Amino acid sequence: MPAAYEQYLVPVVFRPFAEDLSARAAALHPGRVLELAAGTGVLTSTLLSATSSAEVTATDLNEAMVAFGSARVPGAVWRQADAQRLPFPDQSFDLVVCQFGVMFFPDRIGAFTEVRRVLAPGGRFLFNTWGPLRTHTFEVALQAGLERAFPVDPPRFFSAVPHGYSDPAVVAADLAAAGFAVEDWLELTLQGRAASTADLATGYLTGTPLRMVVEERGGGGPAVRTTVIEEMTVRLGPGPVTAPMTAYVFRATVPTQTHSRPGWA
């Protein structure tokens, strides 16, 4: 999974948002940065470039991702870690960042509370989440392909999980429940550029948890991949293809009585 994710999905889907998030992180001038759900290190690498003087610690729950990411981005300190039980002392970091990971936390308020614990007073929590499925053109086409391949009980993984935390009011309420003050949030639409629709489908089917969902339905063979590619090609063309992807970006802070910093542009 990590290799397929890195090859087929990172350049198209995740790098554009990583570049945006790392630029926002750099504007905060952090010294000690913790990254959650780092995956194969796409945000990690852009963080190291954008915040050259910061110490970056990258974590992921999946040991395979940590092994892959640490080899790919050795400039960070890599740790296997559960966001709901972070293995770090209180007030260890100035900034915690997470790219498209909070949707996967089983207990989001619990995880956010842990983030607040490891942040110094006045520290920031910067992260993004996907918008509704309908706002991600690639994944709308993917879902149509899955529904064609599985006309009875098609997989709903993308609508339920990656796009299942797409109400900003709910996210803001969870942050407040964990003791954060929400400084700002915004809706951000960027363009994904894929050289091949077939490669994009392969990335989703083999480089994400959708792989296990499909295999559980007995659909791990080439027939499902062929059907999904055919439907995505009908909707997107064979490639190259460019399509919009929408996310929300949140910035929250650990409140202090004397803490006051300017907002972002």
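**Helix packing and aromatic contacts**

The crossing of helices α1 and α8 is left-handed in this predicted model. These two elements, α1 (residues 2–26) and α8 (residues 197–207), pack with their axes 8 Å apart and at an angle of about 125°. On the α1 side, the contact is made by A4, Y5, Y8, L9, V12 and V13. The α8 side contributes D199, L200, T202, G203, Y204, T206 and G207.

Aromatic contacts were examined next. The count of aromatic pairs comes to 17. In one of them, the ring centres of F125 and F127 lie 4.6 Å apart and the planes meet at 35°, so the pair is tilted. Both F125 and F127 are buried. F125 also forms a tilted aromatic pair with F180, with 5.6 Å from centre to centre and 35° between the planes. This second pair links distant parts of the chain, as F125 and F180 are 55 residues apart. F125 belongs to strand β5 (residues 119–130), whereas F180 lies in the loop between α7 (168–177) and β6 (181–194). F180, like F125, is buried.

These residues belong to a cluster: ring pairs link F125, F127 and F180 with F112, W185, Y248 and F250.

A contact between a charge and a ring was also identified. The charged end of R108 is placed over the ring of Y165, at 3.9 Å from the ring centre.

Note on methods
Residues are numbered from 1 along each chain as its sequence is written. This is a predicted model: local features need pLDDT of at least 70, side-chain atom pairs count only at pLDDT 80 or more; totals for chains, interfaces and linings use all residues. Side-chain values use heavy atoms; hydrogens and water are left out. Rings of Phe, Tyr and Trp (its six-membered ring) pair if their centres lie within 6.5 Å; planes under 30 degrees apart count as stacked, over 60 as edge-to-face and the rest as tilted. Buried means under 20% relative accessible area, exposed over 50%, partly exposed in between (1.4 Å probe, protein chains only). Helices (H or I, at least four residues) and strands (E, at least two) are DSSP runs, numbered from the N terminus. A charge sits over a ring if NZ of Lys or CZ of Arg is within 6 Å of the ring centre and within 35 degrees of the ring normal. Axes are lines fitted to C-alpha atoms, for helices over the stretch in contact, and angles run from 0 to 180 degrees between N-to-C directions. A crossing is left-handed if the near helix is turned anticlockwise from the far one by less than a right angle, and right-handed if clockwise. Contact means heavy atoms within 4.5 Å.
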